[in-house]
Amino acid sequence: MITTNSKLIFAIILSIFMVSNSYAQDGETLFKQNCASCHKTNTKKLVGPGLQGVREEAGEDWVIKWTRSSKELIESGDARAIKVYADFNKTAMPPQNLKDEEIIAVFDYIDTKAVVIKAPTDNEEIILDSSLKGGSSDILSWIYGISAIIVFGLFGFIMKKA
Ligand code: HEC
């Protein structure tokens, strides 16, 4: 027997799933709308450099600052910013009006696209890993895991009461 109460609980839990899911998709949409015209998610150049691995290398703070205003970062004397700017013939990247979380979502999306191929060792082992690397996709799996435990727990509880 399904009570109104349990329906409500399911609706809440379902919406939690949908919110966390739409956040993950957001990164893809944001990337396609704002960055894809100039950047690839791998290491190949387009108008600007491929963005794979840039966050790992430069740090999250750096990529957030850069994306908002590369000009400010260059003018602050940041060595990496000056070098990237010079490497790309001083074509300035237009500032992107995005929130911290949106920029993080974009780089999370880039990480999901990254295919890391380890140099072949003696036994020619090739590992494709994109999900194994840290970042907030780990946190998402935790959210899913914990929500699943809550769902089952609540369900058991409701069944007992019914
Ligand atoms: C109109 C083209 C254009 C768009 C759109 C654009 N970029 Fe860029 N980006 C560049 C260029 C060109 C560079 C190389 C540096 C320079 O010339 O200023 C660059 C460099 C970068 C770098 C530094 C890379 C490194 O190796 O340090 C990051 C990070 C970056 N862009 C992120 C983004 C993100 C995220 C977006 C979307 C929200 C975006 N860019 C949108 C043109 C663009």
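**Helix packing and core in a predicted model**

In this predicted model, helix α3 (residues 60-68) packs with helix α6 (residues 100-113) at an angle of about 110°, and their axes are 10 Å apart.

User: Why are α3 and α6 called roughly perpendicular to each other?

Analyst: The angle between α3 and α6 is about 110°. Angles of 65 to 115 degrees count as roughly perpendicular, and α3 and α6 are therefore roughly perpendicular to each other. In this crossing, α3 passes α6 in a right-handed sense.

User: Which residues of α3 and α6 meet?

Analyst: From α3 come Glu 60, Val 63, Ile 64 and Thr 67; from α6 come Asp 100, Ile 103, Ile 104 and Phe 107. Sorted by class, this contact of α3 with α6 holds five nonpolar, one polar and two charged residues.

User: What makes a set of residues here the largest nonpolar core, and which residues have the most contacts inside it?

Analyst: Members of a nonpolar core are buried and are joined through C-beta atoms within 7 Å. The largest such core has 13 residues. Those with the most contacts inside it are Phe 31, Val 63, Ile 103, Val 106, Phe 107, Tyr 109 and Ile 110. At least two residues of this core come from each of α3 and α6, and α6 gives the most, with six residues. In soluble globular proteins, nonpolar side chains tend to be buried together.

User: What is Tyr 109 in contact with, leaving aside its neighbours within four places in sequence?

Analyst: Tyr 109 is in contact with Gly 27, Glu 28 and Phe 31. Phe 31 and Tyr 109 are both among the residues with the most contacts inside the largest core.

User: Why is Phe 88 called partly exposed?

Analyst: Phe 88 has 14 other C-beta atoms within 10 Å. A buried residue needs 20 or more and an exposed one has 12 or fewer. The value of 14 lies in between, so Phe 88 is partly exposed.

User: Where is Phe 88, and how far is it from Gly 48?

Analyst: Phe 88 sits in the loop between α5 (79-87) and α6. Phe 88 and Gly 48 are 40 residues apart in sequence, yet 7.1 Å apart in space, C-alpha to C-alpha.

User: What is the make-up of the chain as a whole?

Analyst: The chain has seven helices and two strands, in the order α-α-α-α-α-α-β-β-α along the sequence. Of its 162 residues, 14% count as buried. Among contacts in the chain with a separation of 6 or more, 55% are between residues 24 or more positions apart.

Note on methods: Residues are numbered from 1 along each chain as its sequence is written. This is a predicted model: local features need pLDDT of at least 70, side-chain atom pairs count only at pLDDT 80 or more; totals for chains, interfaces and linings use all residues. Axes are lines fitted to C-alpha atoms, for helices over the stretch in contact, and angles run from 0 to 180 degrees between N-to-C directions. Helices (H or I, at least four residues) and strands (E, at least two) are DSSP runs, numbered from the N terminus. Angles under 35 degrees count as roughly parallel, over 145 as roughly antiparallel, 65 to 115 as roughly perpendicular and the rest as oblique. A crossing is left-handed if the near helix is turned anticlockwise from the far one by less than a right angle, and right-handed if clockwise. Two residues are in contact if their C-beta atoms, placed from the backbone, lie within 7 Å. Ala, Val, Leu, Ile, Met, Phe, Trp, Tyr, Cys and Pro count as nonpolar, Asp, Glu, Lys and Arg as charged, and the others, Gly among them, as polar.
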